[in-house]
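User: I have a model open and a few things to ask. Can you walk me through the structure?

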Amino acid sequence: MTQLYDEIGAGYGDHRRPDLRIAAAINGALGESQSVLNVGAGTGSYEPPGRSVLAVEPSLTMIRQRSADMAPVIRASATHLPLADASFDAALAILTIHHWPNRAAGLAELARVARRRIVIVTWDPAFSGFWLVDDYFPAIGAIDKEILPSPQELSLTLMAMEVHPLPVPYDCTDGFLGAYWRRPYAYLDADVRSAISAFFRIGDIEPGLVQLRRDLESGAWERRHGHLLDLAEVDLGYRIVIGHLV
Ligand SMILES: C[S@@+](CC[C@H](N)C(=O)[O-])C[C@H]1O[C@@H](n2cnc3c(N)ncnc32)[C@H](O)[C@@H]1O
């Protein structure tokens, strides 16, 4: 299993610390589920305490960052889960489905192993309006629109489906692409970018970085986006999708 995260995942745990507000939203979405299969589990962010959790993760680099007291983990792909039908109350997949080589197969596997519900954290490709992508790295938006499923696609597997916005707090501790919307200097930091896979999917990022640095220094960024500095959270298109199987 050759994995992108075996190449880029080494510093993941340092910059992708679970955010407590996002954790609360995910915990709420899991409802009464007692047993949870966390697929594409990475370093174990958002694995809910007080429930019986099994993690599934293909990348050894990510698995090695899980501490001994975390949920047990098996090395496998979402597309071939070595688990019995209906063996968990819930299947959970957080910011991972766009990495799967065959999303339909992976979603079908979630629906096979879960008894009651599937909880997916993803991004709605119809969303636009994030300054980082629009002004500096439009290639990220173009690729995300190709690799992320529309709610309609998800609804083919998740018949009874709820979709909830997942706003991003201004001081989000989980450094995914949108996390630093109010801290624009962070994107100039190579360590910060190393935990964001979108920067590895596009070609030359240097022109976008040069422009961002220039706009921050000249005040152009603040003139265009300074209103954001007064906001505590924004909707950047991240969504919690709950599929009810019963
Ligand atoms: C952005 S990380 C998210 C990790 C974790 N869910 C979190 O929220 O921090 C994406 C994860 O998906 C995993 N992944 C990639 N391909 C996968 C596959 N075919 N099946 C399951 N997980 C996969 C990666 O190895 C990586 O750990």
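User: Which helix is V113 in?
Analyst: V113 sits in helix α5, residues 103-113. Helices (H or I, at least four residues) and strands (E, at least two) are DSSP runs, numbered from the N terminus. Before going on: this is a predicted model, where local features need pLDDT of at least 70 and side-chain atom pairs count only at pLDDT 80 or more, while totals for chains, interfaces and linings use all residues. Residues are numbered from 1 along each chain as its sequence is written, and side-chain values use heavy atoms, with hydrogens and water left out.

User: Is V113 buried or exposed?
Analyst: V113 counts as buried because its relative accessibility is 0%. Buried means under 20% relative accessible area, exposed over 50%, and partly exposed in between (1.4 Å probe, protein chains only).

User: What does V113 touch?
Analyst: Leaving out residues up to four places away in sequence, V113 touches L37, L81, L83, A84, D85, A86, S87 and F88. Contact means heavy atoms within 4.5 Å.

User: A86 is on that list. What is the phi of A86?
Analyst: A86 has a positive phi of about 45°, and A86 is not a glycine. Most residues other than glycine have a negative phi. A86 is in the loop between β3 (73-74) and β4. A86 counts as partly exposed because its relative accessible area is 35%.

User: And L95, where is that?
Analyst: L95 is in the loop between β4 and α5. Phi of L95 is positive too, near 45°. L95 is buried because its relative accessible area is 18%.

User: Back to α5. What does the side chain of R103 reach?
Analyst: R103 lies in helix α5. The R103 side chain reaches the backbone oxygen of I147 at 2.6 Å. The side chain of R103 also makes a polar contact with the side chain of E153, at 2.8 Å. A polar contact is a pair of N or O atoms within 3.5 Å; within protein, one must be able to donate a hydrogen and the other to accept it, and residues adjacent in sequence count only if both atoms are side-chain atoms.

User: Is R103 buried or exposed?
Analyst: R103 is buried, because its relative accessible area is 16%.

User: New topic, the ligand. How many residues surround it?
Analyst: 19 residues surround the ligand, and the closest are Y12, G40, E57, A78 and T96. A residue is near a molecule if one of its heavy atoms lies within 4 Å of it.

User: How much of the ligand does the protein bury?
Analyst: The protein buries 98% of the 590 Å² that the ligand exposes when taken alone. These areas come from the Shrake-Rupley method with a 1.4 Å probe; for residues, only the protein chains shown count as cover.

User: Last one. How many residues are in the largest nonpolar core?
Analyst: The largest nonpolar core has 51 residues, and W131 and L177 have the most contacts inside it. Such a core is a set of buried Ala, Val, Leu, Ile, Met, Phe, Trp, Tyr and Cys residues joined through side-chain atoms within 4.5 Å. Helix α6 gives the most to this core, with four residues. A second, separate core has 21 residues, including V56, L83, I97 and L107.
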